[in-house]
Amino acid sequence: MTQMNRISGGLIDRSKTVNFSFDGARYQGHAGDTLASALLANGVRLMGRSFKYHRPRGPISAGSEEPNALVELRGGARREPNTRATVAELFEGLDATSQNRWPSLGFDLLAVNDMLSPFFAAGFYYKTFMWPKAFWEKLYEPIIRRAAGLGSLSGEVDPDLYDKGFRHCDLLIIGAGPAGLAAALTAGRAGADVILADEDFRMGGRLLAETFSLGDAGGSDWADGVLAELASLPNVRLMTRTTVLGAFDHGIYGALERNADHLPVAPAGKPRQTLWRIYARRALLCAGATERPIAFRNNDRPGIMMAGALRAYANRWAAVPGREAVIFTNNDDGHRTAQDLAAAGLRIAAVVDSRKEAPRSGDYPIHAGAVVIDAVGRKGLHSVDVRRSNGEVSRIPCTTLGVSGGWNPNVHLTCHQRGRPEWDAGLAAFVPGGVLPPGMTVAGAAQGILSTAGALASGAAGAVAALDALGRKAKPADLPRAEDAPVSLTPLWHVPGKGRAWIDPQNDVTVKDVKLAHKEGYVSVEHLKRYTTLGMATDQGKTANVTGLAVMAQVSGKSIPETGTTIFRPPYTPVPIAAFAGRSAGKDFRPVRLTPSHKWAAEQGAVFVEVGMWLRAQWFPRPGETHWRQSVDREVLATRKSVGICDVTTLGKIDVQGTDAAEFLNRVYVNAFGKLAVGKVRYGLMLREDGMAMDDGTTARLAEDHFVMTTTTANAVGVFRHLEFCRQCLWPDMDVQLISTTEAWAQYSVAGPNARKLLQKIVDPGHDISNEAFPYMACGDITVCGGLRARLFRISFSGELAYEIAVPTRYGDGLIRAMVKAGQEFDAVVYGTEALGVMRIEKGHPAGNELNGTTTALNLGMGGMVSKKKDCIGNTLSEREGLNRDDALNLVGFRPVQAGDPLAAGSHFIRKGAEAVAANDEGYLTSVAYSPHLQSMIGLGFLAAGKSRLGEVLRAVNPVEGAETLVEVVSPHFVDPEGERLRV
Amino acid sequence: MLIPHPLLGPRDAQEFTYLGDASLIDRPDWQGEDAAAAFHDYLYQRDNPAGLHRELWFHEQGDRSWLVVTRNTLTHEIMGAELARDVARARGRGK
């Protein structure tokens, strides 16, 4: 197919032809084209369907503000919905499809919505689908979602890489139009560290779209010259294809760089996009301005676009939507489009200027005081109806219409920290207000200076001022002569009359909708926006918000500043979720920590479970075991019968040293540590200041001024943070130092009657670990396996004779292999966290299920441990009356009355005969397990005054599953209640 | 946000975890009169100022200093940061 609407000139590279397809049809464009410019060149004006009414639409802009021309790019897992064709850079093989139409873009059955538009006015969701309520979720919402929509996701995993980066600079210049280039030149020559960022793939901004000269050069030639100089400066970084998306606290700017969106596939190992965090000492916003439409009947026909976009397509891309143009304007800038199009060889059928005085800008019909009242051509414009100043209406054939309602400065980033734009009556537009994000200044069109000469001068001056604020002297770059026309405009927001006139084409919001909202009592602009959906979705109302506000002002009889203002939030343009995720995707989304003997456990076929960030072995299936309980029961029975080994490396370990270390522990644990002998271990319970249990563990005294504390796996980080708070903020003069040694030591529990015999084969001769020399709760430095430094603790979680042995991390793998080998003669097993859990429940030790943030020492049966003779965290508030009532919950054990009955953790206790309602709730079951020792389910739980109710029979009610079990209240110590096994 | 660490210079707020009002430094005397009431107020009563707020931040991904940061809650402007240990000492805390 030929490029029928390609004209001469432009900044495209005609030596490079690029093949692409749209909705299956093949086309050709050139390097330097966007998808929109190439489609226009090929005679394609219809590029999408509107959100609600499925109206045929074409592009209205040539930039990122585009509301209409949203397409899907690429296929398969790389499919990318809702991409603006106006900024999608053409590449060889680009495959684009239209959205929100069925069965095809040309023939869309859901266009019936357009006929039904009276039912779809503002707020129709709220009015129409109110009743019956049950229909909403099942019927209305799915239908609306299917009918009103944008593109769809592939549903597959994104195969591309995304990255994050950090940059620092003295001056961040946002936008590389005339203001930004003049600023960069000024600051760059002064030696400042400058970043110049622009969302376009080619820098120059409006200079690329205009025919003005700067000095003796064309605008784009001047820009190229400046860019060449900037590229040669080592202190200037040019970031093309980079959108500065938000201004955040303390001079931090977010920016999205599209590294490879212009390529079919990113180079191997390179990111497709990078999300930058730019730390800028100063920032200069040179973001330009966005042209706004004038609303009139059917102003959304394909072929109608902003006048400035029309000349951008002609001047930069040598593409036009048609050869016969009409211009509709309320200002002088619209006439520039007529001049440029005429010079490019288009026939200007008319310039319709709503002002009574219109300039004689060229040799074509100019209708002063006239307006366009309708546009004809559903899938492509073919004529417009014009009402002249004398009231006469005539139809003018044309294939494109350029509309100019004036320009809105791009104030978006000035609003990101609550800055409110101010109304400038001369421009009839909002300009940046007095309060800007700290460190930011604004120059050029973004500031409301719309001439080229003004933009250049304000950019240079902005750079001088920014550097001055940093204590650097700079002189403004010498600037070329440039166009310096004043803004001449008489506001016109919409043309009154019948039919629907579109303000926000993306959300199908019309003048009528705004009027309706006003009639229904909407006064606040923010409410208006939400009710009508004005300014929502991908374009965030860049072309629509000010016009909507102006129409609201008109119907309410107020001025625009009285009506309100509209501010913007980040991001400036849409950012893919993948870019926010960066490398934190797939397995890197949630990294895991592995213990030193993980590889060994994996070799044994261990089944792993996530505990915090750790992967821990849950059980070790043996051949023939088909159910996890078989493995767990075997591990428990073998450990209690002979010996078992368990990896407990994940427990938090905190090294506590200093002359005040013992006193420090006294203050953070409820029980006393001052008199703990060197070479001994003690269990400690830690409270929060509100008296609730925080964590527990054992602490060993290795020397007078040296302790090693253990915490639970889950709370290791929080406990360490808490201890640092206590040390630095509460008792700053204590001589105590803390360091986390969790990852420095590999630690294993060796438990069971043969634990000592096994260890004696590992521990070097010379270290006596007999019961007499190394009794229960002893600890000490030893060596194992012929000189390897180790720590041994005689502590038990299982209730058996048990030790924990620690070696430096890199020897963990070797130690477990050596212990398993040494244990063969005792039929030693390795057990996982499930068996660990069964044994601690059998023994009645509380764990995470019991230390759940709502339980006190008293609840846990450790009320007596709370020393009243010393200060400690949580001591005072643990004495509150409400926490010490006679009917307070006590930790007790439970067994089903019928041995085979199930028990479910979370069940609540209700007396027999009482109704199972919250008022009769007497406590709850926290942990359950099958005890192979007792051949029954057993449980731990909290029961009101439970300690005095042993032997009572209650109902454990599980309303979630509609089940209940009769249970007997028993001691929580199911195995060896006297603790004799620990001490043998 | 950037937090001006008194020892390490400006650091990104992502390196820190936040606790809350710096009044948590002023832990009451457990043997004082009305200790229970004093602890209740210490733990549960907070001002919620629109403006300057002194608050505790922990440099968890850094040097593990607890800092007292003075921040304007309306603008997020940070007036300064001190080591919490120095603040605690100045407020009469010792061992």
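**Close-up views of a predicted model**

**View 1. Cysteines of chain A without a disulfide partner**. A:Cys646 counts as buried, because its relative accessibility is 2%. In this predicted model, the cysteine sulfur closest to that of A:Cys646 belongs to A:Cys785 and lies 19 Å away, which is too far for a bond, since a disulfide requires a pair of cysteine sulfur atoms within 2.5 Å. A:Cys726 is likewise in no disulfide, and its nearest cysteine sulfur, that of A:Cys729, is 8.6 Å away. A:Cys726 has a relative accessible area of 0% and is therefore buried.

**View 2. Packing of helix 5 against helix 6 in chain A**. The axes of helix 5 (residues 178–189) and helix 6 (residues 219–232) of chain A come within 10 Å of each other and cross at roughly 30°, so that helix 5 of chain A is roughly parallel to helix 6 of chain A. Helix 5 contributes A:Leu181, A:Ala184, A:Leu185 and A:Arg189 to the contact, while helix 6 contributes A:Trp222, A:Ala223, A:Val226, A:Leu227, A:Glu229 and A:Leu230. The crossing of helix 5 past helix 6 of chain A is left-handed.

**View 3. A cis peptide bond between two prolines of chain A**. The bond that leads from A:Pro570 to A:Pro571 is cis, its omega being near 0°. A:Pro571 is located in the loop that runs between helix 13 (560–563) and helix 14 (577–581) of chain A.

**View 4. Non-glycine residues of chain A with positive phi**. A:Ala945, although not a glycine, has a positive phi of about 50°, and it is placed in the loop between strand 47 (936–944) and strand 48 (953–958) of chain A. With a relative accessibility of 18%, A:Ala945 counts as buried, because the limit for that class is under 20%. A:Asp976, which is not a glycine either, has a positive phi of about 45° and lies in the segment after strand 49 (963–970) of chain A. A:Asp976 counts as buried too, at 13% relative accessibility.

**View 5. The fold of chain B**. Chain B contains two helices and six strands, which follow one another from the N terminus in the order β-β-β-α-β-β-β-α. Its C-alpha atoms fill a box of roughly 45 × 30 × 20 Å along the principal axes. Of the 95 residues in chain B, 44% are buried, and among contacts between residues at least 6 apart in the sequence of this chain, 50% join residues at least 24 apart.

Notes. Residues are numbered from 1 along each chain as its sequence is written. Chains are lettered from A and ligands numbered from 1 in the order in which they are written. This is a predicted model: local features need pLDDT of at least 70, side-chain atom pairs count only at pLDDT 80 or more; totals for chains, interfaces and linings use all residues. Side-chain values use heavy atoms; hydrogens and water are left out. Axes are lines fitted to C-alpha atoms, for helices over the stretch in contact, and angles run from 0 to 180 degrees between N-to-C directions. Helices (H or I, at least four residues) and strands (E, at least two) are DSSP runs, numbered from the N terminus. Angles under 35 degrees count as roughly parallel, over 145 as roughly antiparallel, 65 to 115 as roughly perpendicular and the rest as oblique. A crossing is left-handed if the near helix is turned anticlockwise from the far one by less than a right angle, and right-handed if clockwise. Contact means heavy atoms within 4.5 Å. Buried means under 20% relative accessible area, exposed over 50%, partly exposed in between (1.4 Å probe, protein chains only).
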